[in-house]
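Have the viewer open and follow along.

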Amino acid sequence: MALVEQPEESSIPVGGGRLHALRFGAGPRIALAAHGITGSALAFLAVARLLPDDWTLVAVDLRGRGGSAGTPGPYGLARHAEDLCAAARHLGGGAPVTLTGHSMGAYAAVRAAAAQPELFDRVLLVDGGLPLPVPAGADLDALLDASLGPAIARLGMTYESPQAYVEFFRAHPALGPHWNEDVERYVRADLTGPEGRLRSRVRPEAVRADGRDLLASAASLGEDLQRLAVDALLTYAPLGMFGQAPGMLPEQLVAAWRDKAPGLRTELVPDTNHYTILMGAGAGVVARRLTEGW
């Protein structure tokens, strides 16, 4: 438990800089984890606590976030996938590692595994990774504002104190009712700056670039899913980003991609939303699926 409460910090060389990483555990089997679009490596704290002793989880801060906020762009799914491949080579020492990603991290994981399957033995997608339907000719910036507008606005705000930031998050309908110590630690670690003018460590320009690219990449992501040469499992939540149905990946969408990508297995994690599937009630399922045979 001490290794989880005080993970080892390190950095991993990638194109144009380095990624900050947290290493949980000391086992010989390696899992590489990528967080969501406005997240950080600490999103995997609850999962890491539940891993068997023979596993190590290395969660990276994607460029533009957390300890990697200073790692320059360009951003986008292809760049994050390249970073994950570089991290896998660094960690695996010639052997494949297990790859997992939550939300946007799952999309980057799909792209990485499709590009260099030899680096990974399997991929666990957590409430992400399936192409999102985008109407032809849609205004991508308008769609992004409709889905991530509040999150992007938060990144431009300042806060008087860490507690003010915590209270801001506790008002979130998908987090407040399920608040726990792991979520609070994750939230507090996101802050930087002087007292009275604290702000998120996430760069708004990274989020906007990545969100736009995710929406524009539906066709190519579908191609990646269909040609995956490694075992892939999607765990998904019935409730979405605001704690209400439908989930971010509705059942109809999951069923359609289960038919289109025969190598993709799927599992609904009951009583979870987009966040608690990783940081709350679903953490045990994610930890088991990450480390057990499918």
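**A guided tour of the helices and loops**

Ser103 sits in the loop between strand S5 (97-102) and helix H4. The model you are viewing is predicted, and in it Ser103 has a positive phi of about 55° although it is not a glycine. Its relative accessibility is 9%, so Ser103 counts as buried, the cut-off for that being under 20%.

With a relative accessible area of 69%, Asp271 is exposed.

Now move on to H4 itself and its partner H3. The axes of these two helices, H3 and H4, come within 8 Å and cross at roughly 70°; H3 and H4 are therefore roughly perpendicular to each other. The crossing in which H3 passes H4 is right-handed. If you want to display the contact, residues of H3 including Leu77, His80 and Leu84 meet a set in H4 that includes Met104, Tyr107 and Arg111.

Another helix pair is H6 (residues 162-170) and H7 (residues 181-188), which pack at an angle of about 125° with their axes 10 Å apart. H6 and H7 are therefore oblique to each other, and their crossing is right-handed. Here Pro162, Gln163, Tyr165, Val166 and Phe169 in H6 meet Glu184, Val187 and Arg188 in H7.

Helix H8 lets us check some geometry. At 1.5 Å a residue, its 13 residues (204-216) should span 18 Å, and the end C-alpha atoms are 18 Å apart, which agrees. Which residues of H8 are buried? They are Ala206, Val207, Asp210, Gly211, Leu214 and Leu215. These cover an arc of only 155° around the axis, which puts them on the same side of H8.

Finally, look for two cis peptide bonds. One runs from Gly73 to Pro74, with omega near 10°, and Pro74 is in the loop between strand S4 (55-60) and H3. Another joins Ala245 and Pro246, with omega about 0°; Pro246 lies in the loop between strand S9 (231-236) and helix H10 (251-260).

Terms used: Residues numbered from 1 in each chain as written. Predicted model: local features only at pLDDT ≥ 70, side-chain atom pairs only at ≥ 80, totals over all residues. Heavy atoms only, no water. Helix = DSSP H or I, 4+ residues; strand = E, 2+ residues; numbered from the N terminus. Expected span 1.5 Å × (residues − 1). Buried < 20%, exposed > 50% of the residue type's maximum accessible area, 1.4 Å probe, protein only. Arc of directions from axis to C-beta. Axes fitted to C-alpha atoms, helices over the stretch in contact; angles between N-to-C directions. Parallel < 35°, antiparallel > 145°, perpendicular 65-115°, else oblique. Left-handed = near helix turned anticlockwise from the far one by under 90°. Contact = heavy atoms within 4.5 Å.
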